[in-house]
Amino acid sequence: MTSVAPVILLAAEKESAEVTDWAARIGWVVGLGLFVALVYWLMREGWKWRSTLQGDLPELPTAPHEPGPAKLTMSGRYHGSTTAGQWLDRIVAHGLGTRSRVELTLTDAGLGVVRPGANDFFVPVAALREARLDKGIAGKVLTEGGLLVVTWEHGDKMIDSGFRSDHAAEHNEWVETLNDMINKTETDGAR
């Protein structure tokens, strides 16, 4: 019987686990939720402030009533616009910072950018400066050559706009065609 007595004593000495302090736990969860909400609010205010600072950017041009027949069309994603040559300096004024689906149409008049749920715009052929393949633009980094970047002039600002086709094989044709149009425009003295 002596071997059973220590087991009974051990069982009698055990206490139940501590009860969770729900008030403290709820306080931490609410505090964390408020902190996350504060961070998102600050990010939104920063976005609005950036838009205010870029308020000198003129309104975006719209497509002419008769842009002419399409040379090229592309469906894909619009990843944003930045100051030319500064791939991290995002432009947010006039909705240029809003990512969206995109339908691009290239005509003799210029480049039509149709974005469902965001502001559409048009880049006249005289404003086009360069097209190239790149690997990134503010907020989006892809493999080398995964992004079609079109450089254009708006007001007194040079802008890089980044697009990615649903079919990446189309990018090379877009770069060649855009650069040919730009070179033709320069030689014709349209600028």
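Biologist: What rules on numbering, pLDDT and atoms apply here?
Modeller: Residues are numbered from 1 along each chain as its sequence is written. The model is predicted, so local features need pLDDT of at least 70, side-chain atom pairs count only at pLDDT 80 or more, totals for chains, interfaces and linings use all residues, and side-chain values use heavy atoms, leaving out hydrogens and water.

Biologist: How many helices and strands does the protein have?
Modeller: Helices (H or I, at least four residues) and strands (E, at least two) are DSSP runs, numbered from the N terminus. The order is α-α-β-β-β-β-β-β-β-β-β-β-α. The count is three helices and ten strands.

Biologist: Is Phe 163 buried or exposed?
Modeller: Buried means under 20% relative accessible area, exposed over 50%, partly exposed in between (1.4 Å probe, protein chains only). Phe 163 has a relative accessible area of 1%. Phe 163 is therefore buried.

Biologist: What geometry does the ring pair of Tyr 78 and Phe 121 have?
Modeller: Rings of Phe, Tyr and Trp (its six-membered ring) pair if their centres lie within 6.5 Å; planes under 30 degrees apart are stacked, over 60 edge-to-face, the rest tilted. The whole structure holds three aromatic pairs. In this one the centres are 6.2 Å apart and the planes at 70°, so the pair is edge-to-face.

Biologist: How many residues apart in sequence are the parts that this pair ties together?
Modeller: Tyr 78 lies in strand β1 and Phe 121 in strand β5. Tyr 78 is buried at 0% relative accessibility, and Phe 121 is buried at 3%. The parts tied together are 43 residues apart.

Biologist: Which residue forms a tilted pair with Tyr 78?
Modeller: The tilted pair has 5.6 Å centre to centre and 55° between the planes. The pair links strand β1 with strand β10, 85 residues apart. The partner of Tyr 78 is Phe 163.

Biologist: Which side chain does Thr 83 join by a polar contact of 2.8 Å?
Modeller: Thr 83 lies in strand β1 (residues 72-83) and is buried at 14% relative accessibility. A polar contact is a pair of N or O atoms within 3.5 Å; within protein, one must be able to donate a hydrogen and the other to accept it, and residues adjacent in sequence count only if both atoms are side-chain atoms. The partner is Asp 89.
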